[in-house]
Amino acid sequence: MPRFKKRDVTAPTLNYTLRGFRIKDGRLGLAGGISLTVVWSRALPDEPTSVRIHRDSLGHWYASFVVLSRAEPLPATGDVIGIDWGVTVTAATTRDDYDLPHHEHGKRSAEKLARYQRMMARRRQPKGKAQSRGYLKAKKQTAKAHKKIARQRLDTARKWAKRVVRDHDRIAAEDFRPKFMARTTLARKAADGAISATKTALIEMSRKHVRDLRLVHPAHTTMDCAQCGARAKHALPLSERTYTCTVCGAVSPRDKNSAHVMLVRAGLNPDGVDRVRLVLPQGGRAA
Ligand SMILES: [Zn+2]
């Protein structure tokens, strides 16, 4: 069923295309004789084709411009990397230097968030009654805490993605899809959010710098052996941190095995990847 957002509970947005806006002397002019002073976060790289004016949950107004982007190819490195997403580490990769630990900096913000959320719950008035000033204040603080966590997450994600994209020509990553609606723990939800932000950053960065990013379907990636391709009969329980192959006897940390499976599934030659080097019985290298 289609779901409609109520107008009085959503933040307002306005879209203007080519003839609806104009930038002159650093000011933004909108159709209807509106003129705005804009605080520019950075210079526009090109003529914008449209602008979206929107208000966030904190009541701040933003103008986002749509600009045709130009690819900025980076020099080839000859390296490949496989990436698996997880809870304990946001990204486990085939090269240890590029693992992204689950950032703890969200911890203090998360505690703050929880406090404000409790405050909101305590001060909430029953439905139909006007909310108190204290409730609205707590609501605003909750939104602020949320925003801070999101910003920290985005910053970490972008820095990591930039490093990965800069140092690798070809990237294989799990095509993670978050299950926000599933009944999960708070830690799982936080991890899902971090993974989503990181995956998006990786996709954007790969596109910008013209790298070959391959997204791998997540099914069975924790069950397959990266060395021989055999599939385990049962999924590993989350508590089991080591993958042991019953066919070839390969033993490796669980998330490292999955990261290698990404490479194999994406059809990227694991040559040049730390530690693992597939060698065929004839002595030839695996393609
Ligand atoms: Zn095996």
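Cys-228 is partly exposed, at 38% relative accessibility; that class lies between buried, under 20% relative accessible area, and exposed, over 50%, with a 1.4 Å probe and protein chains only. Cys-245, by contrast, is buried at 5%.

This is a predicted model, where local features need pLDDT of at least 70 and side-chain atom pairs pLDDT 80 or more, while totals for chains, interfaces and linings use all residues. Residues are numbered from 1 along each chain as its sequence is written, and side-chain values use heavy atoms, without hydrogens and water.

Cys-228 sits in the loop between β11 (212–216) and β12 (242–244), and Cys-245 in the loop between β12 and β13 (251–253), so the pair ties together parts 17 residues apart in sequence. Strands are DSSP runs of E, at least two residues, numbered from the N terminus.

Now the rings. Phe-21 and Phe-65 have centres 6.2 Å apart and planes at 55°, so they are tilted. Trp-40 and Phe-65, at 5.4 Å and 25°, are stacked. Rings of Phe, Tyr and Trp (its six-membered ring) pair with centres within 6.5 Å; planes under 30 degrees apart are stacked, over 60 edge-to-face, the rest tilted. Ring pairs join Phe-21, Trp-40 and Phe-65 into a cluster.

Terms used. Helices (H or I, at least four residues) and strands (E, at least two) are DSSP runs, numbered from the N terminus.
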